[in-house]
Amino acid sequence: MNIQTFPSYDDMSLHAAQIIANVVRTKPDAVLGLATGSTPIGTYRHLVRMHKEGTLDFSRVTTVNLDEYIGLPDTHEQSYRRFMEEHLFQHVNLDPARTFLPDGMAEDPVAEGARYDELIRRLGGTDIQLLGIGYDGHIGFNEPGDVFVKATHPVDLDPSTIQANARFFASEAEVPRRAITMGMGAIMGAHRVLLLASGQGKKAVFDASANGPIVPQVPASILQLHPDVTMMFAEG
Ligand code: F6R
């Protein structure tokens with residue numbers, strides 16, 4: 001595991017974007033596993049800048065996102081599809097037909113999880129999976145629990161996650177209670193993993209994930225078993 005610390009969020013974001021850009025430059029038809037939340041926004045900003053400067057071409061890239069809220073249509077302003085459109089998709093030359101997120105409106109979220117895993121399998125897995133980390137150690141929406149769940153699956157969000165995500169909604173009551181998340185199988189199946197964390201509030205869970213026991217109560221700790229993980233921490 002490669003652990004890197006940066007003095008600022010923008011330094012970390014630039015380095016993360018450079019890693020992703022190099023994956024795409026080396027393999028123009030790369031499959032990128034992407035995340036939402038506030039942490040990767042700076043990374044997406046740098047990727048958009050590189051594209052606008054003419055040094056990064058997404059025309060053959062495929063993207064698969066980690067998760068989506070259950071019950072929010074794509075058009076909802078807090079859906080993760082909408083987030084990705086706003087922060088990345090609409091600013092670069094990705095083919096919209098090759099941008100995938102779990103369908104939060106699927107009638108059967110368990111079947112939707114199986115469909116999503118099959119899609120990722122057919123794509124050959126992700127070349128790089130970008131991750132944020134929750135204050136409770138979640139990756140995707142794999143919340144702390146008694147087991148690591150392998151399949152893409154519906155989850156009840158932890159009360160602390162609902163509270164943390166309330167900042168994006170008019171009130172905590174409006175935060176969806178459930179989501180579909182990529183499971184640990186697809187995350188650990190990525191050829192390379194890049195986890196980003198920013199701010200002192202995440203320091204303890206970052207350290208526990210990187211160096212603590214590998215336990216499902218700290219979901220990100222499973223990454224210690226992956227052969228190619230970079231964990232980046234921004235101090236400020
Ligand atoms: C988002 C996701 C989540 C976030 C995590 C941290 O797709 O899967 O695991 O990465 O909740 O969120 P932020 O970056 O907003 O602190």
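Good morning. Let me begin with a definition: two residues are in contact when heavy atoms of theirs lie within 4.5 Å. Please keep in mind that the structure shown above is a predicted model.

Where in the chain does His 138 lie? It belongs to the loop between β6, residues 128–131, and β7, residues 153–156. Is His 138 buried or exposed? A residue counts as buried under 20% relative accessible area. His 138 has a relative accessibility of 11%, and therefore it counts as buried. Its side chain also takes part in polar contacts. One is with the side chain of Asp 136, at 2.9 Å; another, of 3.1 Å, is with the side chain of Glu 143.

I turn now to helix α4. This helix runs over residues 109–123, 15 residues in number. From its first C-alpha to its last it reaches 21 Å, close to the 21 Å expected at 1.5 Å a residue. Which residues of α4 are buried? They are Pro 109, Glu 112, Gly 113, Tyr 116, Leu 119 and Ile 120. Viewed down the helix axis, these buried residues fall within an arc of 120°, so they line one face of α4. The general principle is that an α-helix has 3.6 residues a turn, so residues three or four places apart point the same way. On the other side of α4, Val 110, Arg 121 and Arg 122 are exposed.

What covers the buried residues of α4? The cover includes the strands β3, β5, β7 and β8, together with helix α6. As for the ends of α4, Asp 108 caps the N-terminal one, with a side-chain oxygen 3.1 Å from the backbone nitrogen of Val 110. Just after the helix, Gly 124 takes a positive phi of about 85°.

Finally, I come to the nonpolar cores. The largest has 44 residues, and those with the most contacts inside it include Leu 32, Phe 58, Leu 194 and Met 232. Among the elements that each supply at least two residues of this core are α1, β6, β9 and β10. The largest share, eight residues, comes from α1. Apart from this core lies another, of 27 residues, among them Val 31, Ala 190, Val 193 and Val 229.

Thank you for your attention.

How values were computed:
Residues numbered from 1 in each chain as written. Predicted model: local features only at pLDDT ≥ 70, side-chain atom pairs only at ≥ 80, totals over all residues. Heavy atoms only, no water. Helix = DSSP H or I, 4+ residues; strand = E, 2+ residues; numbered from the N terminus. Buried < 20%, exposed > 50% of the residue type's maximum accessible area, 1.4 Å probe, protein only. Polar contact = N/O pair within 3.5 Å; in protein donor to acceptor, adjacent residues only side chain to side chain. Expected span 1.5 Å × (residues − 1). Arc of directions from axis to C-beta. Core = buried A, V, L, I, M, F, W, Y, C linked by side-chain atoms within 4.5 Å.
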